[in-house]
Amino acid sequence: MSITDLTSMGEPQSEARKYINERLLKLKNEISDYCFQCAKCTSGCEAHKLLELEPHKIVALLKRGLIDEMVNSDIIWTCMSCFKCRERCPQKVAPVEILFALKNMAVASGKQIPGNYTQLLQSVLSIGLLQEVKTVTTRDNKTADRNQLNLPEISKPQDPMKFQTMLAKIAVEKL
Ligand code: SF4
Ligand code: SF4
């Protein structure tokens with residue numbers, strides 16, 4: 001079921017809307033009310049091309065206070081966090097930050113998160129990176145690592161336990 005189907009029966013949640021707007025203000029001084037629905041964010045959104053995410057509609061739903069519908073929808077997990085919507089917005093609105101807030105609300109309320117996110121989280125907790133550093137295949141079909149490409153080494157946490165404790169503390173603060 002799409003977000004549009006869900007919103008046809010939705011009641012506005014003004015407290016949740018206020019919470020997200022306050023969070024946006026605190027983070028980046030961005031207010032969803034300034035959005036005038038030009039859809040410039042959506043026209044450049046990578047997830048729109050592939051997965052039908054429409055960031056301008058996310059902002060419109062926030063303005064209407066239809067938060068639960070978005071928190072309950074899989075569509076919020078399709079955002080790739082490329083920040084293009086934020087760069088393109090003439091009104092300094094950041095749909096990506098709204099999507100972060102919605103994802104945090106979904107996690108805080110105990111909703112099932114997509115499996116890929118769980119894998120990424122486990123990887124961050126165990127090695128401090130989204131994934132192990134990989135080799136690439138060059139144009140002449142050879143395999144090369146970062147060293148062979150003259151790229152700097154990627155650093156990892158020296159003390160994984162300390163890192164995990166700090167990460168958990170930050171996560172709780174941000175929720
Ligand atoms: S968030 Fe910005 S770019 Fe997107 S529709 Fe609103 S004003 Fe336009
Ligand atoms: S950050 Fe998310 S919503 Fe914004 S343009 Fe990228 S994929 Fe689309």
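Predicted model: local features only at pLDDT ≥ 70, side-chain atom pairs only at ≥ 80, totals over all residues.

Biologist: Start with the overall picture. How many helices and strands does the protein have?

Modeller: There are 10 helices and 2 strands. From the N terminus the order is α-α-α-α-α-α-α-α-α-β-β-α. The C-alpha trace spans about 55 × 40 × 35 Å along its principal axes.

Biologist: What share of the residues counts as buried?

Modeller: Of the 175 residues, 23% count as buried.

Biologist: Take one case. Why is isoleucine 75 called buried?

Modeller: A residue is buried if 20 or more other C-beta atoms lie within 10 Å of its own. Isoleucine 75 has 20 C-beta neighbours inside 10 Å, so it counts as buried. Isoleucine 75 sits in the loop between helix H6 (67-71) and H7. From isoleucine 75 to leucine 99 the C-alpha distance is 9.7 Å, and the two are 24 residues apart in sequence.

Biologist: And what makes glutamate 52 exposed?

Modeller: The cut-off for exposed is 12 or fewer. Glutamate 52 has 12 other C-beta atoms within 10 Å, so it is exposed. Glutamate 52 lies in the loop between H4 and H5. Threonine 143 is 91 residues from glutamate 52 in sequence and 35 Å from it in space, C-alpha to C-alpha.

Biologist: Why are glutamine 37 and alanine 39 called partly exposed?

Modeller: Partly exposed covers the counts in between, with exposed at 12 or fewer and buried at 20 or more. Glutamine 37 has 13 other C-beta atoms within 10 Å, so it is partly exposed. Alanine 39 has 17, so it is partly exposed as well.

Biologist: Where do glutamine 37 and alanine 39 lie?

Modeller: Glutamine 37 is in the loop between helix H2 (14-28) and H3. Alanine 39 is in the loop between H2 and H3.

Biologist: Now H5. How do you know that H5 is largely enclosed?

Modeller: Count its buried residues. In H5, 7 of the 10 residues are buried, so the helix is largely enclosed by the rest of the structure. They are Pro55, His56, Lys57, Ile58, Val59, Leu61 and Leu62.

Biologist: At what angle do H5 and H8 pack?

Modeller: The angle is about 65 degrees, with the axes 9 Å apart. The contact uses Pro55, Ile58, Val59 and Leu62 of H5, and Pro95, Ile98 and Leu99 of H8. By class, the residues of this contact are 7 nonpolar, no polar and no charged. H5 passes H8 in a left-handed crossing.

Biologist: How do you know that H9 is close to its expected span?

Modeller: Helix H9 (residues 115-127) has 13 residues. At 1.5 Å a residue, 18 Å is expected. H9 reaches 18 Å from its first C-alpha to its last, close to that value.

Biologist: On to the ligands. Which residues come nearest to ligand 1?

Modeller: Of the 15 residues around ligand 1, Cys35, Cys38, Cys41, His56 and Cys89 come nearest. Helix H3 (40-43) and helix H5 (55-64) each give two or more residues to this shell. H5 gives the most, with 3 residues. By class, the shell has 10 nonpolar, 3 polar and 2 charged residues.

Biologist: And which come nearest to ligand 2?

Modeller: Cys45, Cys79, Cys82, Cys85 and Val96 come nearest, out of 15 residues around ligand 2. Two or more residues come from each of helix H4 (46-51), helix H7 (84-88) and helix H8 (95-108). The largest share, 3 residues, is from H8.

Biologist: What is the class make-up of the shell around ligand 2?

Modeller: It has 12 nonpolar, 1 polar and 2 charged residues.

Methods
Residues numbered from 1 in each chain as written. Chains lettered and ligands numbered in written order. Near = placed C-beta within 6 Å. Helix = DSSP H or I, 4+ residues; strand = E, 2+ residues; numbered from the N terminus. Nonpolar A, V, L, I, M, F, W, Y, C, P; charged D, E, K, R; others polar. Expected span 1.5 Å × (residues − 1). Axes fitted to C-alpha atoms, helices over the stretch in contact; angles between N-to-C directions. Left-handed = near helix turned anticlockwise from the far one by under 90°. Contact = placed C-beta atoms within 7 Å.
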